[in-house]
Amino acid sequence: MIDQAKVRVLLLESIHRDAVTRLEAEGYSVESVRNALDEAELIERIQGVHLLGIRSKTQVTAKVLEAADSLVAVGAFCIGTDQIDLHAASAAGVAVFNAPFSNTRSVVELAIGEIIAMTRRLTEKNTLMHQGVWDKSADGAHEIRGRRLGIIGYGNIGTQLSVLAENLGMHVSFYDTADKLALSNAHRCASIEELLETSDIVTIHVDGRPGNAGFFGAEQFKRMKPNALFLNLSRGIVVDHVALRDALVDGHISGAAVDVFPKEPKGRGDEFVSELRGLPNVILTPHIGGSTEEAQSDIGDFVANKLTHFIKDGNTTLSVNLPGVALPEQDGMSRIVHVHLNTPGVLAKVNSILAQHSVNVEGQLLSTRGEYGYLITDISGGYSDEVLDQLRNMEQTVRLRVLS
């Protein structure tokens, strides 16, 4: 059982103050660190920590999880969770939560802004003006109205971008490996090749799973229409930046906006190294797609709430890796949370142990996902340590928590 007053929280990568406030309101001890930590640094700091909060740069590896002697949950204060070894987290009974919706608007607005900036060649005009050059010319500048936007990845961000782009008068095509419903007048492409060959602007919004690494390279850039524009606000590993530079230098691609990179500096002020530096009509931003005050506040509050409810109630609604279970709290009850391997007979065995010791079950909810099951059981009256020992010693048990 975790004493609420002794819960230790480690937040990395300058997570918003609203998250700190929310967690401290529960009486938790919160340490907030400005930068990301590498694997060795995190292993050194993780012992005794119950809740870990990260953003996109910190890698929560199997070695980190193995070194975490008290960890019960990880909060990804962002959309993506590919920086976390989800299999190892599940095997350790550690719940993982993220914020799948909170910063979508911020990412979409950045994409729209960059599309307009590149289409009007604002970056080049701005640079010339700062150099004292007055270049009032319409050459190469266009409206976005009537142009076709190709969206690769039609998830929460891709769909919202689709709607806003159409409202601005753009035509929209999209490609997704999953079967997704087209919104408004968006056209679903049968292949990525169709999208590339017909779109004036191509933007990527996919996750960072290993299978997506390097999937967009020289072949895909060659498929794009001459003078098309390219955006990547998803994950840096998705795009071959050398191939992108080549396509920009030879003029096949007329502009690009990139917010994510294969290797990113750990903290503010560190040197940024990229093949794309110094190229005209290329917008480079430091992974700020979701970095607005509004988005970070929403994310901080959303994920912090998920973490506190997991600590207090054991609820796993919207957990990335564990089955989603939410059982209403009942006064005067003790709650046993049981993470286990998903094999037949676990529920019967748990209830058999409770019955043998005359423990009365007042409420119970079980859900499974893949290899794992998650069971919440509310009991009334007392129980002995022998009950807990028997539950922990079940061959299917991954982790057992007792909540008051």
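Leu11 stands opposite Ser32 in strand 2, in a predicted model whose local features need pLDDT of at least 70, with side-chain atom pairs counted only at pLDDT 80 or more and totals for chains, interfaces and linings using all residues. Residues are numbered from 1 along each chain as its sequence is written, and side-chain values use heavy atoms, leaving out hydrogens and water.

Let's start with the sheet around this pair. Strands here are DSSP runs of E with at least two residues, helices are runs of H or I with at least four, and both are numbered from the N terminus. Two strands pair if DSSP finds at least two bridges between them; strand 1 and strand 2 run parallel, joined by four bridges. The open sheet has five strands in the order 2-1-3-4-5, paired in parallel. Strand 2 and strand 5 are at the edges with a single partner strand each, so one side of each has no neighbour in the sheet.

| Element | Residues |
|---|---|
| Strand 1 | residues 8-11 |
| Strand 2 | residues 29-32 |
| Strand 5 | residues 95-97 |

Next comes a helix. Helix 1 (residues 17-25) packs on the sheet and touches strand 1, strand 2 and strand 3 (51-54); contact means heavy atoms within 4.5 Å.

Finally, let's look further along the chain. An unreviewed UniProt entry lists residues 335-404 as "domain: ACT"; such positions are given in the numbering used here, feature names are shortened, and annotations may be inferred rather than shown by experiment. Over residues 335-404 the chain is 27% helix and 47% strand, with the end C-alpha atoms 6 Å apart.

Key
Axes are lines fitted to C-alpha atoms, for helices over the stretch in contact, and angles run from 0 to 180 degrees between N-to-C directions.
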